[in-house]
Amino acid sequence: MDAEPATTLDVRPLTDRFGVEVRGIDLATCGPEMHRAVADVFHRHGILVVRDQNLTPEQQMEFSRAFGTPATNQRLEYTYPGIPEIYVISNKTKDGKKIGDVDAGQGWHTDGSYLAEPTSCTMLYAIEVPPEGSDTLMADLVAAWNELPPERQAQLEGLQIQHSWKALMELRGLPVDPRDDTVPDVIHPMIRSHPKDGRKALWVSTGTTRGIVGMPNPEGLNLLEELVAFVTQDRFVFRHKWQVGDVLIWDNRCTLHTGTKFDTTKYTRLVHRTWMKGDRPV
Ligand SMILES: [Fe+2]
């Protein structure tokens, strides 16, 4: 029988409800076995933070693989040169050209919910951070679901949401050819079970949604807005304040997140993002 991996991880809660910080580990040198041990902890906790890291893009890719298969980004203009799985989030410029996406991820959402197989988890690694602003907020959709009374849970169980990449493009004011069928609308369950342990999440979002299947609008969209307002109340939300060297990973199957603004005229931010391929929500 194989021995259990010798994990001596120092794991501490981020809040009294969800999320953990792993301390005393150097992700650049600890090796794939420790990477897998960190990923194993992550799958139970929704969010994981490791501070004070110093990772090359290749080392971030290696750590990312412990969480799944890193996906190539759709917008290649902001990917790291030679590594299309790393997406650059930054307001910096080089030779007069923007090196990254300034405004990624504003508004409560889960990454890739408009895909048939949405992004399972997302990793951000901070190389430069502004002294104020740019916090990342994450909401615990499992705690939100568990807090609903059984009657309300029974009303919501079985509902399905129509997610739409085109709706997101429209929201951002970006042109979409209506005949473009590269990312067709998809239907996903509102109550999503986590593939690792079956815990249920109230998997709602706005911005990328057209409504609820079988429910006319505005009733359907209004219900989604009401539920997003419910799950993003302070008691379900963790606010990550960035430091240089932070690695933050969230689980899109059981959390919502949003970025926040910072003063781009005063400060610079440089973050490398990877996201991992997911599977069909159930
Ligand atoms: Fe996002």
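Which residue's side chain does a polar contact of 2.6 Å join to the side chain of Tyr87? The partner is Asp101. A polar contact here is a pair of N or O atoms within 3.5 Å; within protein, one must be able to donate a hydrogen and the other to accept it, and residues adjacent in sequence count only if both atoms are side-chain atoms.

Before going further, a word on the source: this is a predicted model, in which local features need pLDDT of at least 70 and side-chain atom pairs count only at pLDDT 80 or more, while totals for chains, interfaces and linings use all residues. Residues are numbered from 1 along each chain as its sequence is written, and side-chain values use heavy atoms, with hydrogens and water left out.

Tyr87 lies in strand E5 (residues 83–90); helices (H or I, at least four residues) and strands (E, at least two) are DSSP runs, numbered from the N terminus. Tyr87 is buried, at 4% relative accessible area, where buried means under 20%, exposed over 50% and partly exposed in between (1.4 Å probe, protein chains only). Contact means heavy atoms within 4.5 Å. Not counting residues up to four places away in sequence, Tyr87 touches Asn73, Arg75, Tyr78, Thr79, Asp101, Val271, His272 and Arg273.

Thr122, in strand E8, is buried as well, with a relative accessible area of 0%. Its side chain makes a polar contact of 2.7 Å with the side chain of Asp111. Beyond its neighbours within four places in sequence, the contacts of Thr122 include Leu248, Trp250, Arg273 and Trp275.

**Helix H1**

Helix H1 (residues 32–45) has 14 residues and reaches 20 Å from its first C-alpha to its last, close to the 20 Å expected at 1.5 Å a residue; that expected span is 1.5 Å times one less than the number of residues. Its buried residues include Met34, Val38 and Phe42. Among the elements that the buried residues of H1 pack against are strand E1 (10–13), helix H2 (57–64) and strand E8 (121–128). Just after H1, Gly46 takes a positive phi of about 85°.

**Backbone exceptions**

Most residues other than glycine have a negative phi, and most peptide bonds are trans.

| Residue | Phi | Relative accessibility |
|---|---|---|
| Asp52 | near 60° | 64%, exposed |
| Ser134 | near 70° | 1%, buried |

Asp52 sits in the loop between E3 and H2, and Ser134 in the loop between E8 and strand E9 (136–140). Finally, Asn217 and Pro218 are joined by a cis peptide bond, with omega about 10°. Pro218 belongs to the loop between strand E14 (209–212) and helix H6 (219–231).
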